[in-house]
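Subject: Structure handover and what was found in it

Dear colleague,

Here is the structure that I promised to pass on to you.

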Amino acid sequence: MVLTIPNLLTLLRIVAIPAFLILLEDLRYREALVVFIGAGITDGLDGAIARLTHTKTTLGAFLDPAADKALLVSAFIALGFMHVVPRWLVVLVISRDAVIVVGYFLLFVMTGQRMDVVPTVSGKASTALQLLSVTIVLLGLIDPHLVSARVETVVFYVTGGVTALAGLQYMYRGLAWLQRQGEPVEIRPRVTDLDKDRWRA
């Protein structure tokens, strides 16, 4: 079954992306924050429900991370054009995701095999920090007194550092996986009963 509850939640998160961008364009920051937080909640719910109900699907395995990337990249690009997020952080977020996608594609082309992409601790941390960065920026747009500029700056730099670290870790894993594909497979000769009798003799 493809249209499981987790997959429907993921689809809702994808539908929320244009709604979030339209609200930002209309300067309706409160509503944009509500949509963004709601999308973030569905990100946690769909994975938990899939594990508890044993309804993981191949579609969900590809769609869920794609929805996360699309939401965050869209948010950072929009906020970058609004000059409320540093351009260097926007470039880092986009570059990391681009490296992962392009690298995965190149590994498949080179080997003809699909690499299982397992989320790393730094990868999950970078996603959480990116969500936090967008939330803090939106709060600042709603009311500048809610978040100090110093807190924003610290969060931006920590997010950038962890995002870069996660990108490097994924690159290392990809190169290590590629190297293992090129290692020769040891083929041991089959020992028959006749061979055993000869050794005993």
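This is a predicted model: local features need pLDDT of at least 70, side-chain atom pairs count only at pLDDT 80 or more; totals for chains, interfaces and linings use all residues.

Residues are numbered from 1 along each chain as its sequence is written, and side-chain values use heavy atoms, with hydrogens and water left out.

The whole chain

The protein chain has seven helices and zero strands, where helices (H or I, at least four residues) and strands (E, at least two) are DSSP runs numbered from the N terminus. Read along the sequence, this gives the pattern α-α-α-α-α-α-α. Of the 201 residues in the protein chain, 34% are buried; here buried means under 20% relative accessible area, exposed means over 50%, and partly exposed is in between, with a 1.4 Å probe and protein chains only. The accessible surface of the protein chain comes to about 12800 Å², and 68% of that surface belongs to carbon and sulfur atoms; such areas come from the Shrake-Rupley method with a 1.4 Å probe, and for residues only the protein chains shown count as cover. Among contacts (heavy atoms within 4.5 Å) between residues at least 6 apart in sequence, 76% join residues at least 24 apart.

Salt bridges

How many salt bridges does a search of the whole structure find? The search finds four, a salt bridge being a side-chain nitrogen of Lys or Arg within 4 Å of a carboxyl oxygen of Asp or Glu. In one of them Asp68 pairs with Arg13, and the closest N and O atoms are 3.0 Å apart. Asp68 lies in helix 3 and Arg13 in helix 1 (residues 5–25), so this pair ties together parts that are 55 residues apart in sequence. Asp68 counts as buried at 16% relative accessibility, and Arg13 counts as buried at 1%.

Another salt bridge joins the side chains of Lys69 and Asp97, at 3.7 Å from N to O. Since Lys69 lies in helix 3 and Asp97 in helix 4, the pair ties together parts that are 28 residues apart in sequence. Asp97 also forms a salt bridge with Arg96, where the closest N and O atoms are 3.1 Å apart.

Empty spaces

Rolling a probe the size of a water molecule over the atoms shows where empty space is left. On a 1 Å grid over the protein atoms alone, a cavity is a set of points where a 1.4 Å probe fits but cannot get out, and a pocket is an open set with protein on both sides within 12 Å along at least five of seven lines; lining residues have an atom within 4 Å of a point. Grid points are joined across faces, edges and corners, and a volume is the space filled by probe spheres set on the points.

A search of the whole structure finds one cavity of 30 Å³ or more. Which residues line the largest cavity? They are Arg13, Asp43, Asp68, Leu71, Leu72, Thr127 and Leu131. Helix 3 gives the most to this lining, with three residues.

The second largest pocket holds about 330 Å³ of space. Of the 18 residues that line this pocket, the closest to its centre are Gly103, Leu107, Tyr170, Met171 and Gly174. Helix 4 (87–111) and helix 6 are the elements that give two or more residues to the lining.

Single residues

Leu27 has a positive phi of about 60° although it is not a glycine, and this residue is found in the loop between helix 1 and helix 2 (29–53). Leu27 is exposed, with a relative accessible area of 56%. His83, in the loop between helix 3 and helix 4, likewise has a positive phi, near 65°, and His83 is exposed at 61%. Tyr157, in helix 6 (residues 149–181), counts as exposed at 54% relative accessibility.

With best wishes
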